[in-house]
Amino acid sequence: MVKSQEHEHPKKTFGWAARDSSGVLAPFNFSRRETGEKDVAFKVLYCGICHTDLHMVKNDWGFSTYPLVPGHEIVGVVTEVGSKVEKFKVGDKVGVGCVVGSCQSCDNCANNLENYCPKYILTYGAKYHDGTITYGGYSDFMVADEHFVIRVPDNLPLDGAAPLLCAGITTYSALRYYGLDKPGMHVGVVGLGGLGHVAVKFAKALGVRVTVISTSPSKKKEAIEHLRADSFLVSRDQDQMQAAVGTMDGIIDTVSAVHPLLPLIALLKSNGKLVMVGAPEKPLELPVFPLLMGRKMVAGSNIGGMKETQEMIDFAAKHNITAQVEVIPIDYLNTAMERLAKTDVKYRFVIDVGNTLKSS
């Protein structure tokens with residue numbers, strides 16, 4: 001049972017939820033826990049719409065529970081802190097990403113890799129320590145343990161910062177861990193969507209030479225002129241792909257649809273790394289022989305721990321990196337989901353929660 005707020009803030013929270021796998025979202029009243037001694041409570045101002053949200057509301061991965069309040073790119077302003085909170089105060093700009101809990105005792109947690117803790121707790125649709133189900137950021141109010149709260153630097157606009165808490169850390173962590181962050185390296189980015197466009201921005205800020213690889217020739221101008229990629233490959237153009245064989249130190253593959261890996265592996269130099277950060281619903285075909293012939297690697301990466309997420313957003317602030325967003329009112333949510341399913345967004349929808357979510 002969720003206890004009532006013990007302080008000035010009401011326990012009642014208003015949001016939008018999916019009630020079943022039809023994927024339709026509608027207004028939903030629910031309760032947040034009271035602000036515990038290590039909790040930070042904040043008014044949600046913006047929440048990004050991640051591709052994961054679309055998969056989860058439709059139960060594409062088979063583990064969704066309803067009612068489901070999505071949203072794990074959440075930013076706002078602190079309204080209350082618990083008595084033992086040390087890092088935050090009322091009025092601070094903060095954010096919460098994909099994870100709100102972990103065991104805090106395993107090797108991964110000890111190494112600031114809460115995202116790989118076997119008992120990590122997702123920001124929505126998961127069971128919290130107290131047995132309640134977690135609800136995400138498509139809501140007016142959020143409570144989280146301070147360990148899982150990120151400070152948002154003052155110079156970052158909150159709407160453009162929100163998607164960094166998922167898309168940003170996912171690509172930043174992959175670039176950093178796999179050593180694709182050295183000036184002068186040549187890195188490919190597959191897919192120019194929510195993840196891909198911030199991957200380009202982070203790679204460029206790290207001094208890396210970036211080639212965008214896309215099935216859509218129409219994205220070339222955007223990639224080169226606006227995102228400052230160094231070159232652009234149309235993956236369906238065999239001549240272009242052949243000319244680039246063996247030229248890349250690594251590739252960040254952000255595509256969440258089923259697609260062939262062999263042409264991408266061919267682009268890698270010896271010892272090159274193809275790092276998957278998109279999550280296709282069906283298994284991909286992986287030819288092994290080309291890996292053997294160049295000592296190449298196909299690897300994965302998933303968000304980042306809390307320490308690295310803070311490092312990422314501080315780096316973003318220093319280099320003026322934000323996601324390119326289309327800000328929407330909450331009542332446009334279902335239309336936005338339909339457009340996202342058709343990849344009709346440039347490059348991330350962000351809900352203006354603070355101005356458009358009114359309780360009923």
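These legends accompany close-up views of a predicted model.

View 1. A search of the whole structure turns up one cavity of 30 Å³ or more. Rolling a probe the size of a water molecule over the atoms shows where empty space is left. The largest cavity has a volume of about 90 Å³. Its lining is made of 14 residues. Nearest the centre of the largest cavity lie Gly-97, Cys-98, Gly-304, Met-306 and Thr-309. By class, the lining holds eight nonpolar residues, five polar ones and one charged one.

View 2. Met-241 sits in helix H7, which covers residues 238-243. Is Met-241 buried or exposed? Its relative accessible area is 8%, under the 20% limit, so Met-241 counts as buried. Which residues does Met-241 touch, leaving out those up to four places away in sequence? They are Leu-233, Val-234, Ser-235, Pro-263 and Leu-267. Ala-266 is 25 residues from Met-241 along the chain, and the C-alpha atoms of the two are separated by 8.7 Å.

**View 3. The cis bond at Pro-67.** Tyr-66 and Pro-67 are joined by a cis peptide bond. Omega here is about 0 degrees. Pro-67 belongs to the loop between helix H1 (51-57) and strand E4 (74-81). Most residues other than glycine have a negative phi, and most peptide bonds are trans.

**View 4. The cis bond at Tyr-347.** The bond from Lys-346 to Tyr-347 is also a cis peptide bond. Its omega is near -5 degrees. Where does Tyr-347 lie? Tyr-347 is in the loop between helix H11 (333-341) and strand E17 (348-352).

**View 5. Asn-112, a positive phi.** Asn-112 is not a glycine, yet its phi is positive, at about 60 degrees. The loop that holds Asn-112 runs between helix H2 (107-110) and strand E7 (121-122). Asn-112 has 32% relative accessibility. That value falls between 20% and 50%, so Asn-112 counts as partly exposed.

**View 6. Asn-320, a positive phi.** Asn-320 is a residue other than glycine with a positive phi, near 55 degrees. The setting is the loop between helix H10 (306-318) and strand E16 (325-328).

How values were computed: Residues numbered from 1 in each chain as written. Predicted model: local features only at pLDDT ≥ 70, side-chain atom pairs only at ≥ 80, totals over all residues. Heavy atoms only, no water. 1 Å grid on protein atoms, 1.4 Å probe; cavity = no way out; pocket = protein on both sides within 12 Å on 5 of 7 lines; lining within 4 Å. Points joined across faces, edges and corners; volume = space filled by probe spheres on them. Nonpolar A, V, L, I, M, F, W, Y, C, P; charged D, E, K, R; others polar. Helix = DSSP H or I, 4+ residues; strand = E, 2+ residues; numbered from the N terminus. Buried < 20%, exposed > 50% of the residue type's maximum accessible area, 1.4 Å probe, protein only. Contact = heavy atoms within 4.5 Å.
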